[in-house]
Amino acid sequence: QVQLMESGGGLVQAGGSLTLSCAASGSILSINVMGWYRQAPEKQRELVAAITSGGSADYANSVKGRFTISRDNAKNTVYLQMNNLKPEDTAVYYCNALNRYYVPTQGWGQGTQVTVSS
């Protein structure tokens with residue numbers, strides 16, 4: 001088990017950019033897949049990006065071409081670069097480790113709030 005701490009959220013205007021960080025309390029070297037989720041008010045949490053230990057990334061259609069996920073195993077940190085932000089990207093963003101079925105395996109952190117104004 002690792003504890004995950006998200007940071008980097010904030011208030012940004014539409015079209016702006018933010019970079020989120022997810023710091024793990026232990027090594028993520030052995031974790032094959034790490035993912036970023038988001039949860040908007042009154043909506044279910046959704047997976048927006050995932051990255052394997054080999055660097056292969058996958059994205060939800062709603063963020064493809066705008067978001068980039070990356071990981072630094074040496075720093076036990078996963079990043080989410082978000083460009084051309086839209087008001088519909090407003091949500092609390094969380095990270096987690098995923099199993100082979102893309103099911104989260106760790107407890108949830110507190111998340112980081114991203115608010116995009118129009």
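Tutor: The account below begins with the aromatic rings and then turns to the cores and to one strand.

Please keep in mind that this is a predicted model. The structure contains 2 aromatic pairs. In one of them, the ring centres of Tyr 37 and Trp 108 are 5.1 Å apart and the ring planes stand at 90°, so this pair is edge-to-face; planes over 60 degrees apart are counted in that way. Because Tyr 37 belongs to strand β4 and Trp 108 to the loop between β9 and β10, the pair ties together parts that are 71 residues apart in sequence. The two partners can also be described by their accessibility. Tyr 37 has a relative accessibility of 7% and therefore counts as buried, since the limit for that word is under 20%. Trp 108, at 36%, counts as partly exposed.

Trp 108 also takes part in a pair with Tyr 94: the centres of these rings are 5.8 Å apart and their planes are at 75°, so this pair too is edge-to-face. Tyr 94 lies in strand β9, whereas Trp 108 lies in the loop between β9 and β10, so here the parts tied together are 14 residues apart in sequence. Tyr 94 is buried, its relative accessible area being 11%.

Arg 45 lies over the face of Tyr 94, at 4.1 Å from the ring centre, and over the face of Trp 108, at 4.0 Å from the ring centre.

We may now turn to the nonpolar cores. The largest has 29 residues, of which Trp 36, Ile 69, Leu 80, Met 82 and Tyr 93 touch the most other members. Among the elements that give two or more residues to this core are β4 (33–39) and β9 (91–98). Apart from it lies another core, of 6 residues, and Tyr 37 is one of its members, as are Val 33, Val 92 and Leu 98. Within the largest core, Met 82 has contacts that include Leu 18, Leu 20, Phe 67, Tyr 93 and Val 114.

Finally, consider strand β1, residues 4–7. Its covered face carries Leu 4 and Glu 6, and its uncovered face Met 5 and Ser 7. In a regular strand, side chains alternate between the two faces of the sheet. Strand β1 runs antiparallel to β3, joined to it by 4 bridges, and the bridge partner of Glu 6 in β3 is Cys 22.

Definitions and conventions: Residues numbered from 1 in each chain as written. Predicted model: local features only at pLDDT ≥ 70, side-chain atom pairs only at ≥ 80, totals over all residues. Heavy atoms only, no water. Core = buried A, V, L, I, M, F, W, Y, C linked by side-chain atoms within 4.5 Å. Buried < 20%, exposed > 50% of the residue type's maximum accessible area, 1.4 Å probe, protein only. Contact = heavy atoms within 4.5 Å. Pairing = 2+ DSSP bridges. Phe/Tyr/Trp six-rings, centres within 6.5 Å; stacked < 30°, edge-to-face > 60°. Lys NZ or Arg CZ within 6 Å of the ring centre and 35° of its normal. Lists of a residue's contacts leave out its neighbours within four places in sequence.
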